[in-house]
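Please read the points below alongside the sequence and the coordinates. They are kept to what can be checked against the atoms.

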There are 2 protein chains.
Amino acid sequence: MRFLHTADWHIGKKLHGYDLLADQKDSIEKIIHLAQTEAVDAIVIAGDLYDRSVPSVEAVEMLNQKLIEINLEKALPILAISGNHDSSGRLATGTPWFKQTNFHLHTQLKEAFVPIEMADTQFFLLPYFEPIAARLYFEDETLTTIQAAMKRVIAEMVSLFDETKKQVLVTHFFIAGGLRTDSETPIEVGGLNSVPADLLDVFDYVALGHLHSKNALKKGKARYSGSPLKFSLSEINDEKGVWIIDTEQMQPVFHPLTPLREMEKLEASFEKLRQPTFYQTLNRETFWQIVLTDRAVIPNMMNQLREVYPYILSVERLNGREASQPQQERPREQNPQQVVSTFFEEITGETLTEKQFAWLSEGLQSALDTEKRD
Amino acid sequence: MRFLHTADWHIGKKLHGYDLLADQKDSIEKIIHLAQTEAVDAIVIAGDLYDRSVPSVEAVEMLNQKLIEINLEKALPILAISGNHDSSGRLATGTPWFKQTNFHLHTQLKEAFVPIEMADTQFFLLPYFEPIAARLYFEDETLTTIQAAMKRVIAEMVSLFDETKKQVLVTHFFIAGGLRTDSETPIEVGGLNSVPADLLDVFDYVALGHLHSKNALKKGKARYSGSPLKFSLSEINDEKGVWIIDTEQMQPVFHPLTPLREMEKLEASFEKLRQPTFYQTLNRETFWQIVLTDRAVIPNMMNQLREVYPYILSVERLNGREASQPQQERPREQNPQQVVSTFFEEITGETLTEKQFAWLSEGLQSALDTEKRD
């Protein structure tokens, strides 16, 4: 059989404040199209379907529609798990009914021990879980770390292996040695909560979710699919897409996906960036990382650039900016308010008003609260 | 065939701050038991399954579990709609899969025109909707009121009537003439948005949701089931339960439900209320409306009463309270902060600190915001 391995859809995620729902819808449509042209027998989604435990109603409606399309309209089996960004309790809604049409969405640890058999392969769908879930499931108080829990979980799976079949693990964790980007929410503390890669050697393939780069881990048979879209500037040069695996060879083949809106770097002078002869050659719908070659102070720079480029992610100076006052050594550790204030001053040449500063503090606090809640 | 008619479960609702989830779980279990002993062929739930558009994860998990029990474990068909408290977009999750086992949950106007046929009856499941949905569906800009929209909706349904069958409408609206309690969220403004009762005469039975008393409307074949639990002190003397309807006679028979914790009135002196010989005869798990016969000021009264009665909904004075200072005519219109401050002073004999007052204002604002959002 053949299956497609994707993960980290993060439906509802925003990129520097820009709504990505249209881009995400487009990338799911491209995955469906690829699944059909490549005639795969199942789509594996290794966690983080949503970006947050309570996604917006628009995010819910979009994903619902696409899952209906895949599983009910195209009759394609789905093998999926919840990730650390999903609320396992909310995502579980409807799952006992989904099974009837081979849409297996596992959100609880215990479900990992009911392998899904398809053709020559047993799929073990292990959702993201905390060690406490393993302590309760195995009634074993010694399972205090994710390493210990995972060792026990995998031993349990091995006892269920059918020797006449291949075994594929679908899971969502930080595997030791994995390379991080800026868009994942860490689920490990000081490396303590990473899963040792050699634990995974018993499987013929491990379809991973959590890290957003497809190259995050190349060890044995374990692969991160990476996210289908670039979720941070640190991923600007990443190639995004999905793996397709034929269970006979178990050799993953990468299929790149073209995004609705690209993320690109644009290096030029301010004057050139504003010239129609220059920008008319570009796809202005792109998410831009702009690098200005000028050093001069440019009043109202952001607004002038946004008139031409609606989706600017960042503006940097290639050669720094003319100092309007003696440049001081910047302290390494500033609080977020100071960082933003300084940035605002450098970009606009104005200082934040008291009201703007209050809004800033409020916004930062709310962002911190959200991050904690997730 | 026989069906059970219930509505307004409002899973996740709190009663004067007390969590009702255990009571709600218990009442659903009693409904399931009744459905089985009465051998009904389907359970009709006429909207407001949840209390809010984003219910807590505990509420979601409890309702999910009970729906699995009803539909998958007991193989009982469910005919349900979304109400004004539900988020139709969120509640729609999984619905195309639910149909496979006769769990029909309609959340969109267009679904009302696909009658569900069971034995001798056509069920039209019409979710709560706004006139804009009818304008879009019928492409008719004149449908600006719920009356006009409902007239058109029902005409459309009549065109789908199979003359060899009976017709049952399941819906969630304020029907003109209905009697309100304190626990419903009004969806009508000045009566403008109520649905004229005679529009419903074309049906053999109309299973209504929205009003919380089973006696809210007795007109023709339309009935509110009422909520399965008392959700406000104004419902203290209501009888709660469900209707069971045999489609041959279409005569609804009411079946009362015993709640996990009752709501009762307790009239006595403070001294008596604190006497073990008195309170040991009572079920202290009851939600109490306490009426004190004393007139004296009682310091720390609420805390002393709560030591004995953990679930107090309100404390009133039968004969008023001794004035500690000259009683003044109280203005009819006070703002909510003033009302609570005065209440706090009367009950505790203390005045709110500045911090407590700030908390109060914050809490009231958040409650108002929540209400608006719902």
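1. The charged end of Lys214(B) sits over the ring of Phe254(B), 4.8 Å from its centre, where a charge counts as over a ring if NZ of Lys or CZ of Arg is within 6 Å of the ring centre and within 35 degrees of the ring normal. In chain A, Arg261(A) lies over the face of Tyr311(A), at 4.5 Å from the ring centre.

2. On provenance, this is a predicted model, in which local features need pLDDT of at least 70 and side-chain atom pairs count only at pLDDT 80 or more, while totals for chains, interfaces and linings use all residues. Residues are numbered from 1 along each chain as its sequence is written, chains are lettered from A and ligands numbered from 1 in the order in which they are written, and side-chain values use heavy atoms, with hydrogens and water left out.

3. Over all chains the structure holds 38 aromatic pairs, a pair being rings of Phe, Tyr and Trp (its six-membered ring) whose centres lie within 6.5 Å, with planes under 30 degrees apart counted as stacked, over 60 as edge-to-face and the rest as tilted. Phe113(A) and Tyr137(A) form a stacked pair, 5.0 Å centre to centre with 25° between the planes. This pair links distant parts of the chain, 24 residues apart, with Phe113(A) in the loop between β6 (103–106) and β7 (116–118) of chain A and Tyr137(A) in helix α5 (residues 131–138) of chain A; helices (H or I, at least four residues) and strands (E, at least two) are DSSP runs, numbered from the N terminus.

4. Strand β8 (residues 121–126) of chain A has 6 of its 6 residues buried, so it is largely enclosed by the rest of the structure. Both of its faces are covered, with Thr121(A), Phe123(A) and Leu125(A) buried on one side and Gln122(A), Phe124(A) and Leu126(A) buried on the other. Ring pairs also link Phe123(A) with Phe3(A) and Tyr205(A) into a cluster.

5. The pairing of β8(A) runs in two senses: with β7(A) it is antiparallel over 3 bridges, and with strand β9 (residues 166–172) of chain A it is parallel over 6 bridges, two strands being paired if DSSP finds at least two bridges between them. Ile116(A) stands opposite Phe123(A), while Thr121(A) has Lys166(A) as its bridge partner in β9(A). The hairpin of β7(A) and β8(A) has 2 residues between the strands, and Ala119(A) takes a positive phi near 50° there.

6. A further open sheet of 3 strands in chain A has the order β14-β15-β16, with parallel pairing. Both β14 (263–268) and β16 (312–317) of chain A stand at the edges with a single partner strand each, so one side of each is left without a neighbour in the sheet. Between β14(A) and strand β15 (residues 287–292) of chain A there are 6 bridges, and Ala268(A) has Leu292(A) as its bridge partner.

7. Ser87(A) lies in the loop between β5 (78–81) and α3 (88–91) of chain A and counts as buried because its relative accessibility is 13%. Neighbours within four places in sequence aside, Ser87(A) is in contact (heavy atoms within 4.5 Å) with Ser53(A) and Val57(B).

How values were computed
Buried < 20%, exposed > 50% of the residue type's maximum accessible area, 1.4 Å probe, protein only.
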